Amino acid sequence: MAQADSDGVTDKRPLSPHLTVYKPMLTMMMSMAHRISGVALYLGAFLLAVYLLGLAFGPGAFGAVSWIANGFIGHVIVLGFSWALFHHLLGGVRHALWDRGLYMDPKGRELLAQATLGGGIVLTLLTWILSTLAS
Amino acid sequence: MTSRTEFISGRTGRGAAYVSDVSGAEHDRFMRISSWALLPLGLLAGWFIVGLPGKSFEAARAEIGRPFPALALIVFIAIAAPHARKGVESIIEDYVHDAAQKEKALLANKWASIALTLLWTLAILLIAAPK
């Protein structure tokens, strides 16, 4: 566990650029999107767990929780969850490439940020289209 | 420019990642290893979850109750929940500065991730159990 607040040398350390003083750029936005999508997935997984429990307990319980995946709201929730999932997943691939020192130059990292953003949307659409065709 | 310097960590060994060599190494290693597992598992779980909207009680049960989707979703949450726990731990450590609050938040996060895994797994076991 990080203990940066209590070791007494905090005041002497240089500060990293804060969100408020940092010029917005795509790589920074994608870094924030990675965290936000991660938290969204965590919260979404709780909703899905409630849906699955309803499904497990019987038709009565399912009727109370089926809004999580059915109807307009349900479709929005699952669409958002799947997009966050694929976006976060590709964000992980981006980090794996950066770990190996690849695509770290200005052009490369911009390209990767764009590829993650576009790839997440494409993967989401592709999954929904294939899923609709398969059902 | 690509970085050619090979990083050798005392804790994680000869590795690709430029990571902490102190207490952050375990966290970092877990996130990276679980990410590899979550690459195929996330795609699978995404596929099965996207198949749910619009399904009736019987249809959704039939889908999730098959052995492969059930197993994939259980293994997914068993790895995704601790991955989420560690991710949120980083966020708490970044933004919660009061020591007592931080401790409470970390504890709540720990038990939330455990509850998520157990409830999700229980639900799928009940759905997939032969009648």
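1. What share of the 135 residues of chain A counts as buried? The figure is 30%, where a residue is buried if 20 or more other C-beta atoms, placed from the backbone, lie within 10 Å of its own, exposed if 12 or fewer, and partly exposed in between.

2. A word on the source. This is a predicted model, in which local features need pLDDT of at least 70 and side-chain atom pairs count only at pLDDT 80 or more, while totals for chains, interfaces and linings use all residues. Residues are numbered from 1 along each chain as its sequence is written, and chains are lettered from A and ligands numbered from 1 in the order in which they are written.

3. Chain A has 4 helices and 0 strands, in the order α-α-α-α from the N terminus on. Helices (H or I, at least four residues) and strands (E, at least two) are DSSP runs, numbered from the N terminus. The radius of gyration of chain A, taken over C-alpha atoms, is 20 Å, so the chain is more spread out than a compact globule. The C-alpha atoms fill a box of roughly 60 × 40 × 25 Å along the principal axes.

4. On the pairing of the chains, 40 residues of chain A are in contact with 37 residues of chain B; contact requires C-beta atoms, placed from the backbone, within 7 Å. H1 (26-57), H2 (59-65), H3 (71-99) and H4 (106-134) of chain A each supply at least two residues of the side that touches chain B. H1(A) gives the most, with 13 residues.

5. Which residues touch the most other members of the largest nonpolar core? Among its 41 residues, they are Ala45(A), Leu52(A), Leu55(A), Ile77(B) and Ala123(B). A nonpolar core is a set of buried Ala, Val, Leu, Ile, Met, Phe, Trp, Tyr and Cys residues joined through C-beta atoms within 7 Å. Ala123(B) touches Ala49(A), Leu52(A), Leu53(A), Leu55(A) and Ala56(A), not counting residues up to four places away in sequence.

6. Pro14(A) lies in the segment before H1 of chain A. Why does Pro14(A) count as exposed? Because Pro14(A) has 4 other C-beta atoms within 10 Å. From Pro14(A) to His88(A) is 74 residues in sequence and 30 Å in space, C-alpha to C-alpha.

Terms used:
Two residues are in contact if their C-beta atoms, placed from the backbone, lie within 7 Å. The radius of gyration is taken over C-alpha atoms; the globule rule is 2.2 Å times the number of residues to the power 0.38.
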